[in-house]
Amino acid sequence: MSNLIELIRRSKTFFIYLLLALVYLCGVFSESAGLIEEFKYSFDDWLYLFRQNILIVVCSGTTASLLGIAAGILMTRPWFKRFAEPFAQGFNILSAVPTLAILAIIMTITGLGFKSAFFGLITVTILPVVRNTYQGITEVPDHMIEAAQGQGMTERQVLWKIQIPNALYVISAGIRTGFALNVGTSPLITLIAADSLGEFIFTGIQLNEFNSLLIGSLSVAALAILMDFVLSKMQYWLLPKGVNPQRFAEE
């Protein structure tokens, strides 16, 4: 086993051959199972649903991130600290409610379609953003805050110039987690008549069509990987070098 691990570490060519073999096997399986033909036949529908899925994920994820950051900042303010714990418990209770139940409750208020899915996905996404924002700001070392206050900075200046910049990496990690939950939950919005790749998945389950099921599930998996890749690159390039541990490691 150790020899195999050592071989893998030393040989990049091995990975290339392994990857090509996996691609070949996947291609053979897809062709023999009729998956490629099914995908070609339903490509227009797939493209429309893929775009709609990205749209709802980006809209709800961005809104939840902004609201979550605002809520996390609010919880760290001195005048709000006595309400911070019950406020945080409210988000924890919200996260404990099953997603389908949340979608059903919202649907009774806002009806079927995009609007209900939008609010439902916000409730799924917002908790890790709130938690990481609160944690990131409260864990800024006291000596940095005291040094800023010693230089005459006001409470607001300490927040925007010291606490938030130093918490950016933790906040961005919460946003990535929130988007991952968002993408993973997005197929369920098909159940409340909102367009998403879940249409392929649920159609495949109901009609016992494995190709449709595979197209939907593989597409959602690809979307999750794509979304996380984009966010990781944004995290790497947009965060300042001084507060980004990923860039520390390269020096």
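Contact here means heavy atoms within 4.5 Å. By that rule, residues 24 or more positions apart account for 67% of the contacts with a separation of 6 or more in the protein chain. Please keep in mind that this is a predicted model, where local features need pLDDT of at least 70, side-chain atom pairs count only at pLDDT 80 or more, and totals for chains, interfaces and linings use all residues. Residues are numbered from 1 along each chain as its sequence is written, and side-chain values use heavy atoms, with hydrogens and water left out.

**View 1. The protein chain has twelve helices and zero strands.** Helices (H or I, at least four residues) and strands (E, at least two) are DSSP runs, numbered from the N terminus. Read from that end, the elements run α-α-α-α-α-α-α-α-α-α-α-α. Of the 251 residues, 37% are buried; the word means under 20% relative accessible area, while exposed means over 50% and partly exposed lies in between (1.4 Å probe, protein chains only). The chain exposes about 15,100 Å², with 67% of that supplied by carbon and sulfur atoms. Accessible areas come from the Shrake-Rupley method with a 1.4 Å probe, and for residues only the protein chains shown count as cover.

**View 2. Four spans carry the UniProt annotation "transmembrane region".** The unreviewed entry places them at residues 54-75, 87-106, 112-130 and 213-231. UniProt positions are given in the numbering used here, feature names are shortened, and annotations may be inferred rather than shown by experiment. In the model, residues 87-106 are 90% helix and 0% strand, and their end C-alpha atoms lie 21 Å apart. Residues 213-231 are 100% helix and 0% strand, with 27 Å between the end C-alpha atoms.

**View 3. Eleven aromatic pairs turn up in a search of the whole structure.** One of them joins Trp46 and Phe50, a stacked pair at 4.9 Å centre to centre with 15° between the planes. Rings of Phe, Tyr and Trp (its six-membered ring) pair if their centres lie within 6.5 Å; planes under 30 degrees apart count as stacked, over 60 as edge-to-face and the rest as tilted. Why are Trp46 and Phe50 separated by about one helical turn? Because they are four residues apart in helix 4 (residues 43-76). Trp46 and Phe50 are both buried.

**View 4. Phe114 and Phe118 form a stacked aromatic pair, at 6.3 Å centre to centre and 15° between the planes.** Phe114 is partly exposed, with a relative accessible area of 39%, whereas Phe118 is buried, at 17%.

**View 5. Trp79, Phe80, Phe83, Phe87 and Phe91 form one aromatic cluster.**

**View 6. Glu155 is in contact with Arg77 and Pro78, leaving aside its neighbours within four places in sequence.** Glu155 and Pro78 are 77 residues apart along the chain, and their C-alpha atoms are separated by 9.6 Å. Glu155 lies in helix 9 (residues 155-185) and is partly exposed, with a relative accessible area of 46%.

**View 7. Leu226, Phe229, Val230, Met234 and Leu238 form a nonpolar patch on the surface.** Together they have about 490 Å² of accessible area. Patches are made of residues with over 30% relative accessible area and no salt bridge: like charges are joined within 9 Å, nonpolar side chains (Val, Leu, Ile, Met, Phe, Trp, Tyr) within 5 Å. A salt bridge is a side-chain nitrogen of Lys or Arg within 4 Å of a carboxyl oxygen of Asp or Glu. Leu238 is found in helix 11 (residues 210-238) and is exposed, with a relative accessible area of 62%.
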